[in-house]
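I opened this notebook to record what I looked up in the structure. The entries are kept brief.

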Amino acid sequence: MAREEERPLLNDNGGSDHASSSFDISTHDLTQLVDPKNPDLLKKLGGVQAICKKLRVDPKSGLSADEGASRSDESPFKDREQAFGRNVLPEAKSKSFLQLLWAAYNDKTLIMLTIASFVSLAVGIWEDYSPQHPPDEPRVGWVEGTAILVAVLAVVLTNAINDYQKEVQFKKLNAKKDDRVVKVLRGGREKQVSVYDIQVGEVLMLEPGDIIPVDGLYLEGHNLACDESSATGESDTMKKKTEDKGDCFILSGSKVLEGVARAVVIAVGENSFYGKTMMSMRGEQSEGTPLQMKLDTLAEQIAKLGFAAAVTMLITLIVKYFVQASLKENFPAGPEIAAAMISIVIQAITIIVVAVPEGLPMAVTMALAFATTQMLKDNNLVRVLAACETMGNATAICSDKTGTLTQNKMTVTEGTLAQEKFDKPENSKDWAKKVDDKNVLPLIMESIAINSTAFEGKDENGNIDFIGSKTECALLGFAKNLGCSYEDIRSDSKVAKVYPFASKRKTMTTIIETKENSASSVKQADYRIHVKGASEIVLGVCSHYMDAKGESKKLDKEAKVKFDGLIGTYADKALRTIALAYRDINSNDYKSLSNDEPPLEKLTLIGIVGIMDPLRPGVVESVAAFRQAGVFVRMITGDNINTAKAIARNAGILTKGGVALTGPELREMSVEKQREVIPRLQVLARSSPTDKTVVVTRLQEQDQVVGMTGDGTNDGPALKLADVGFSMGITGTEVAKEASDIILMDDNFNSILKALLWGRAVNDGVRKFLTFQLTVNIAAVILSFISAVSSDTSESILSAVQLLWVNLIMDTLAALALATEPPTDELLSRKPISKYAHLINFTMAKMILGQAIFQIIVNLCAIYLGGAVFHLGDSEYDQAVLRTMVFNIFVFLQVFNEINCRRIDGTLNVFKNIFDNWIFLAVQVAVIGGQILIVTFGGIAFKTVPLSPLQWLITVAIGSLSIPVGMVIRLLPNFGLERKFNEEARPLASYSRMNWEGAIGDVRNELRVYSLLRRSRNRKMPERQSSTQTAPQAYSAPRSYGATSNGQSGGNRFAALVQNAKNFQQAAEQSDRRQNNRD
């Protein structure tokens, strides 16, 4: 276990492991000190002072300002930079626009379309200029191939431009002034230098609010506390001390909360903890997304089917030709046979071109481009375009706690001050109205403002916030919320003595001189002692407590029990309890006080407050919505297990039957055991970056699509590994943003729901278009096949230019219409789709085949029976009218079928929310308008003639039959086939089953106790007494899934069971309280 903990959390890119002859220590040794923190190696290297000596630096005076520079024009620190590197990261290679174009083109469907377009172009040009080309027809054979090439180019350009714009937006988001100045000690003097000029061996001066740019070791200082949550995930303040007293390791990327100190720099640039994390984010991810892989598979299947149809048509037409030729009196000559064969080959190639769904990549591109544009309005910046559709089928969300589920801001959430309670931060103003505004409220505000070192200033983002201890910041925030100005109170007060916070006594004490403008109290005197600290310690040194009127009452045994219960209640909610107390003393008492030990006796308890990092607004609702959508939410945090479980329960993440573990417990398990427990894992506490990647990996091994959220540097590797990585745009570090696929611009967990909705909308949009596209293609291919085979001239009823309109223009417009449907909350009512599920599900297949068969039947009837039905003769004009009516029927069947394809979930009302999508309505109007123009003015190019109003009415009416036919198809029974072809992702663990089995486990334990109780009644008294003295196997609370682990029956005596249960509960409560007090 010790070896495991000493393993680097990040891959050691090593940097240069060369130690210059001038230095007795290598870069490798220095980086190993902080990744992870390694006190044993520090001892092995001789300690901090020995390292300073090896780095040739005097901790008292720092580096020489002109080290290594013999001339004034020579740069200093050359040897040092050569040995340990500079504090800059190598510039990341960004793809050029041409590279983005090539990456966008590298798609099987687009390549297949390109080949088909060139074949079509070659055949079309040959046909235009062949002797068989009719002189009265325009040479438009090149149009089909050219149009497909234009469609491919449009798709490639759209994808490349989208990728380029996302990179530009990302760079704008990260456009910060990285080059800032820091204070260092050089030649015995403080000096401000650029962060880029910090050298290994530098003595760095640290002050509150500093973002530490390098790794270092603590030298000396006062009360230095750092926030390392962005680097390690540990939300608690980390106190820094000399190596013999505690933690002396200072991590790059952490923030100084309070205190001042000096530290010696041991790693810079890509060798620092922050730098190594940034460099690890620069890898390439080559694995395709689920939708891309499905589209590739579908493209191959369509190509095979199209090729099979073309070969079948080729063979059929060749056989037909030679059969007809053999029946003639004179067998055709060679040139005539050759011309006929070429015409047949052209027909076969046309079938392949028709079969290829050239609108499919356009639909995917439009859906993603539209979704990412709209998601930006929902505060989701999509860096990786494909992540949008991947998120739609996410089955698991692994969320960081600090800064993601919570606000990363300690807040007073509950409290009992002057015997009046408030249970929410927003209720604190109501509390203030209940207490005396002369003797109570000013005294509490004075206690908070005076007995604190935190202050208000600008944070690293330039925002006004409190800087200092998180606990003190929370108290000052509470006071500010009540309209108190801590600055005014401090300026009006005169501080006589300060006893800083010390971990051994867990209190801070400040003594002030009472003046006229000081807060009044019952026993006003010359001096006032203000104390705050761990609640049970402060309570233990109090003799009185204050009520709502400011009167002091004796703290008797009954009152103390009441306050102890209050502390326990807050501790159960994972609140950090802080007690406030005061005492007024005269001048003689003040003079007798010690300068080292604070006067912790005879205090009057003001009250107790509970502090915690509160949940973000909307988190509870989002977690519930994820559960409804079939997405399993897990919380992974660096906090202690009790705090993590309490936060998870409040957020609705930890439910009955769920498992909560710590990182070390997970690491101790075998891979098989991890795979067994992770499906039910809901909380992972005390986790390291490697624990997060382990969870993501184990889930992905079980075919889960994992979304990972986080804001800290420590989240980077897991964000990179996850299928979709979410980072925070406001509080997120650059490492997290670099590693993520989607950036939440408002840091709101609820925005992930929007991403899920848009992801599902994208997938649905593509499926809607597929349903429409394949119906058109099947109908067009079969109609072309049958009409060409049955025709005397082997010509299709639909001309090449008509097919161009149907197969390209309408498909592209349909992609725009169907792929841009906005999402609705109904999408959250279904489970995620398995990444192995086919793009075409049973419902879609039923609709595609049903509509295609209907359209083929209608069009064949129109072709062969239309003359009689529509009262048309055999004249050339009437035949042209018939061909035009067949073309018009075919087009309007597609127009109404497009409305039908808006719903692919079995819903009968296909017009639902149709007016919410103006793009769809605009496309329909454009298609109908285009069809009117083509029929009326198409003439020779489209082989059409104008139709009469009655003929228009008939063709439109026949086309509108698509909608009632669609309703009939939806109502057809599935005969159990839908269940057989179920496409829902297999859940690793369902909430309902976990709750059910958890309840069964509880009932089983209750019955077991009841059985033992009945059995114990039949025992004799001596046996009962002996049973209480016998120590059977200790009872332990079940930790397995649903609390259904099988217990052993050996030594089960009721008295021992009850006693052990009491001991267990008592030990657990004591442990929880100690843990919370420690935190």
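The entries below concern a predicted model, taken by topic.

**Sheet.** I traced an open sheet of eight strands with mixed pairing, in the order E8-E26-E25-E24-E9-E21-E23-E22. I noted its edge strands as E8 (380-382) and E22 (659-662), each of which pairs on one side only. Neighbouring strands of this sheet are turned against each other by 20° on average, direction ignored. Within the sheet I looked up E9 (residues 396-400) and E21 (residues 632-636), which run parallel and are joined by five bridges. Serine 399 stands opposite methionine 635 in E21.

**Helices.** I found helix H24 (residues 641-651) lying across E21, E22 and E23 (681-685), at about 140° to E23. I then checked the length of helix H30 (residues 750-790): at 1.5 Å a residue its 41 residues should span 60 Å, and its end C-alpha atoms are 60 Å apart, which agrees.

**Salt bridges.** I recorded 29 salt bridges in the structure. Arginine 80 forms one with glutamate 67, the closest N and O atoms being 2.9 Å apart. Arginine 80 belongs to helix H5 (residues 78-84), whereas glutamate 67 sits in the loop between H4 (48-54) and H5. Both residues of this pair are buried.

I also looked up lysine 239 and glutamate 258, whose side chains meet at 3.3 Å, N to O. This pair links strand E5 (residues 238-239) to strand E7 (residues 255-267). Lysine 239 is partly exposed at 30% relative accessibility, while glutamate 258 is buried, because its 7% falls under the 20% cut-off.

Key:
Residues numbered from 1 in each chain as written. Predicted model: local features only at pLDDT ≥ 70, side-chain atom pairs only at ≥ 80, totals over all residues. Heavy atoms only, no water. Pairing = 2+ DSSP bridges. Helix = DSSP H or I, 4+ residues; strand = E, 2+ residues; numbered from the N terminus. Axes fitted to C-alpha atoms, helices over the stretch in contact; angles between N-to-C directions. Contact = heavy atoms within 4.5 Å. Expected span 1.5 Å × (residues − 1). Salt bridge = Lys/Arg side-chain N within 4 Å of Asp/Glu carboxyl O. Buried < 20%, exposed > 50% of the residue type's maximum accessible area, 1.4 Å probe, protein only.
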